[in-house]
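Colleague: I have a model open and would like to talk it through with you. Could you take me through the fold and then a few local details?

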Amino acid sequence: MSFVFLGTAVALAYRQWRGPCHGRGFDTLFRLLMLAFFAGFLTQQINLFSHLMMTLGLPWADRHLAAWDSALGFDWNGYARLVTAHPWSRRGLLIAYSLAIGPALAMILIIAVWRGRHDRVDEVAFLALASGFICVAVAGLLPAVSAWSSVASPDVLAGLGHLPEVWLEQVKALRGDGPVSLDLGTMEGIATFPSFHTCLALIIAWCSRGHWSGFLAGSTVGLAILAATPVHGAHYGVDLLGGAAVITGLVLLWPRLAPRVRSGGSRP
C-alpha cells in the first residue's frame, strides 16, 4: 500500500508539473495508480467497519445458518469431502480463493482503462464498494464463528490441514474476550453471512463481459472462487446465496444510478 501511495503521489506531482499535455500511456498509468490507491484505502475502511460491527456483541448466528443449510439440503461435510478428496482440487481451489481475486479485478480494470471503458470502472467500483459495506453490515447483525467450528467433522478438518485462526482470534477479541488491536495492516476479513468472496467472484464474472474470451476467463475464475468459498472460506452454503442476492440487487440497481454518477450527481 505504501508503494502505491508513493507512486500515486509522484504521478500526481508530475501531472501537475507537466500540465494536461501528456501521452495516453501516462494517463492510463495515472488512472491505474489512482484506482489501486483508492481500492487499498477503501478495503481498509471496509475491514475497519467490519471489526467495529463485531463489537456489537450480538448472539452467534451459526446455529441458524447451519439450520438454513440443512433446510436447503446442503451437506457441508459431503461437499468438503468432495473438494478435499484430491490434492490438486484442494490446492487449486485454495489458490483461487486466496490469490485470484486481486489479480482478476486488476486485469478487468486495466483492460477497461486502456480501452477507455470508464463506465466499466465505475460499475466495478460501485459493485465492490456497495456489496462490501452491505455484507459487513449484515454480518455484524448476524455474527458467526465459521462452518469450520460448528459443522465441520474431524476428518474434513484433518483433510484441510492447517487452518488459519487469526481472524477467529480477532472476532473473539472484538466481542470482549481479549485485547483489541485495530491495526489496518493486519485486519482479517471476518464477515460470514453474506459472503463477500461470493460477491467478488460474481463481480469478476459479470464485469468480464463484452468479449467471449474475457467472459470465459472471468467466469472460470469466478466459478473457481465460488467452489472454494464454502470449504476454504469456512462459509455456510447459505452465505453464498446471501452474497448472490446482494450482487443481483446491486446489478439491477446500477443502471438506474449510473447516469447520475456519470453526470456528477445531478439529474440527467
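Colleague: What share of the contacts join residues at least 24 apart in sequence?
Modeller: This is a predicted model, and in it 80% of the contacts between residues at least 6 apart in sequence join residues that are at least 24 apart.

Colleague: And how many helices and strands are there?
Modeller: The protein has 13 helices and 0 strands, and buried residues account for 40% of its 268 residues.

Colleague: What about the surface, how much of it belongs to carbon and sulfur atoms?
Modeller: The accessible surface comes to about 14400 Å², and 68% of that belongs to carbon and sulfur atoms.

Colleague: Changing topic, how do helix 5 and helix 12 pack?
Modeller: Helix 5, which covers residues 87-99, packs against helix 12 at an angle of about 100°, with the two axes 8 Å apart. Angles of 65 to 115 degrees count as roughly perpendicular, so helix 5 and helix 12 are roughly perpendicular to each other.

Colleague: Which residues make that contact?
Modeller: Helix 5 contributes Arg90, Leu93, Leu94, Ala96 and Tyr97, while helix 12 brings Ala224, Ile225, Ala227, Ala228, Thr229 and His232. By type, the residues of this contact divide into 8 nonpolar, 2 polar and 1 charged.

Colleague: One more, where is Ser208, and is it buried or exposed?
Modeller: Ser208 lies in the loop between helix 11 (196-206) and helix 12 (212-232). Its relative accessible area is 12%, and buried means under 20%, so Ser208 is buried.

Colleague: What is Ser208 in contact with, leaving aside its neighbours within four places in sequence?
Modeller: With those neighbours left aside, Ser208 is in contact with Ile108, Arg120, Gly214, Phe215 and Gly218.

Definitions and conventions: Residues numbered from 1 in each chain as written. Predicted model: local features only at pLDDT ≥ 70, side-chain atom pairs only at ≥ 80, totals over all residues. Heavy atoms only, no water. Helix = DSSP H or I, 4+ residues; strand = E, 2+ residues; numbered from the N terminus. Buried < 20%, exposed > 50% of the residue type's maximum accessible area, 1.4 Å probe, protein only. Contact = heavy atoms within 4.5 Å. Areas by Shrake-Rupley, 256 points an atom, 1.4 Å probe, with all protein chains shown as cover. Axes fitted to C-alpha atoms, helices over the stretch in contact; angles between N-to-C directions. Parallel < 35°, antiparallel > 145°, perpendicular 65-115°, else oblique. Nonpolar A, V, L, I, M, F, W, Y, C, P; charged D, E, K, R; others polar.
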